[in-house]
Amino acid sequence: MFFLLVAVCLVLLVIFLSRRRLQHKNLPPGPTPLPVIGNLTCMRRNNVFLTFRELRVKYGDVFTLHIGNIVTVVFNGYATLREAFVQHGDSFSDRPNIFIFKDISKHHGIAGSSGDLWKEHRTFALKTLREFGFGKRGLESKIIEEIEAYLPCLEEKNGEPFNIHALTQTSVSNVICSIVFGQRFDYKDERFTKLMEMFDANFKLMNPILNFFPFLQHIPGDPFKAKQILRNADTVYAFIWELVQEHDNSMDDTYSRDYIDAYLKEKKERQSDQSNTFTDFQMLRSIGDLFSAGTETTTTSIRWAVLFLLYNPDVKERMVAEIHDVVGTSRFPNLGDKENMPYSEAVVTEVIRKANVAPLGVPHSCKTDVEFRGYTIPKGAVLLLNIDSVLFDPVEFPDPEKFDPTRFLNENGKFFGREVFAAFSVGRRACLGETLARMELFLYLTTILQRFDLVPEHADRLPSLEGVLGVTHTPRPYNVRLVSRQ
């Protein structure tokens, strides 16, 4: 009986693999999948970076994984990413039909939509955000205003150990809130505090496995927290909807105070157009995307920055010396100082590289079968941009595990950027907020170091540098002491 069972299993396995090959011919190479689970056994526990590095060595810059029944193609190396997502941008710019897009954004918004809907609303978002100073020096005043509110909260800690996460998240979020909602929120505002807790919880709860095994969300007891994630998302959208209604009742048709006003006016102007895509639902998802993107990545980068500086006191002290030489202590640093602070700008860029906040970018897909480098990328496949393969490329960034800002300084000590730098992704769906994120990181970090020394909670033990990979790559919770320099 046992041998019969084994024989049946082997026959079923052969049938499964044969059907898989017939269904998807000429895929990029990759490990042989197992029934149901695909290549999950290939994935190193808690270290997808090492897994992908090993698979790249074995199969090349483009390889295939089967995660469950979903074909997943991983692109590695800067040249490959540019070829796929710039040269083939038309073909590879859709979003796949997975949990994060199908069930949360419902293929709406800016991040979750595809095709003409995405193009129209990304164009509108870029145009509108620029009108409100996005990516321009005019936005500097909003960031500095928020930093001025942030600093007293740091002072209140009196040099005692604390986790900077929640306070920093609220402060950073207020910058994008001032653009999108036209207002900032008090750090003790209970409604906003609760919102930030739910927002943060979703980033922690989101298990990537939900994207590839959608049936898991229906298991009784919600062990993968899918229902909780959806409830939290609904709460965030409800909060946004309240603000939209407040705007709708108070807006001036001759003047737009913020992104919500601009969207409501565009929606009103298009209401007679039968093909109008400016709907309430699309507005909520778009605003949610801006709010999310404008909060999470910069907050996480600041947390990584503090951690890296604790591990590299020589870098910290050199940066402090530059801040005090150029700015002094009587005023805040500003963007006009950046030209004379090349080392500080290099530190910010090295933080972005080493933090690797979005190591796999945001999943893409293709709406038709696409020929790429002699392979066939099938319609609906999940496409992953392995940003880690660029930021930790030992050829472009020697000794990539080392935190070394001088890799972004030339022989004259001047800052220089690198084309081979994909931290904000590449192609048409690259991050809208790169300029804002760089502005925020420079101003937050230089101002914090100008006013405070960063001291570890335990003199003989530093926090872990091991990250946690969920929606983003985040440091593990840690405490730090911010000791006033005054």
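In the loop between which helices is the place of Lys106?

Modeller: Lys106 lies in the loop between α4 (99–105) and α5; helices here are DSSP runs of H or I with at least four residues, strands are runs of E with at least two, and both are numbered from the N terminus. The model is predicted, with local features requiring pLDDT of at least 70 and side-chain atom pairs pLDDT 80 or more, while totals for chains, interfaces and linings use all residues. Residues are numbered from 1 along each chain as its sequence is written, and side-chain values use heavy atoms, without hydrogens or water.

The phi angle of Lys106 is positive, near 55°, although the residue is not glycine. In general, most residues other than glycine have a negative phi. Lys106 has a relative accessible area of 41% and is therefore partly exposed (buried means under 20%, exposed over 50%, and partly exposed in between, with a 1.4 Å probe and protein chains only). Asp222 also has a positive phi, of about 55°, without being a glycine. Its place is in the loop between α9 (209–212) and α10 (226–250). Asp222 counts as buried, because its relative accessibility is 11%.

On the α5 side, His121, Phe124, Ala125, Thr128 and Leu129 make the contact, and on the α11 side Tyr259, Ala262, Tyr263 and Glu266 do so; contact means heavy atoms within 4.5 Å. By class, 6 of these residues are nonpolar, 2 polar and 1 charged (Ala, Val, Leu, Ile, Met, Phe, Trp, Tyr, Cys and Pro count as nonpolar, Asp, Glu, Lys and Arg as charged, and the others, Gly among them, as polar).

The loop between α5 and α6 (140–155) holds Leu139. Leu139 has a relative accessible area of 0% and is therefore buried. Apart from neighbours within four places in sequence, its contacts are Phe132, Gly133, Phe134, Ile179, Leu436 and Met439. Leu436 also takes part in another helix contact, where Ser171, Val172, Val175 and Ile176 of α7 meet Leu436, Glu440 and Tyr444 of α16. This contact has 5 nonpolar, 1 polar and 1 charged residues. The axes of α7 (residues 165–180) and α16 (residues 434–451) come within 12 Å and cross at roughly 135°, so these helices too are oblique. The crossing of α7 and α16 is right-handed.

These parts belong to a chain with 16 helices and 9 strands. Buried residues make up 53% of its 486 residues. Of the contacts with a separation of 6 or more, 72% join residues 24 or more positions apart.

How values were computed
Axes fitted to C-alpha atoms, helices over the stretch in contact; angles between N-to-C directions. Parallel < 35°, antiparallel > 145°, perpendicular 65-115°, else oblique. Left-handed = near helix turned anticlockwise from the far one by under 90°.
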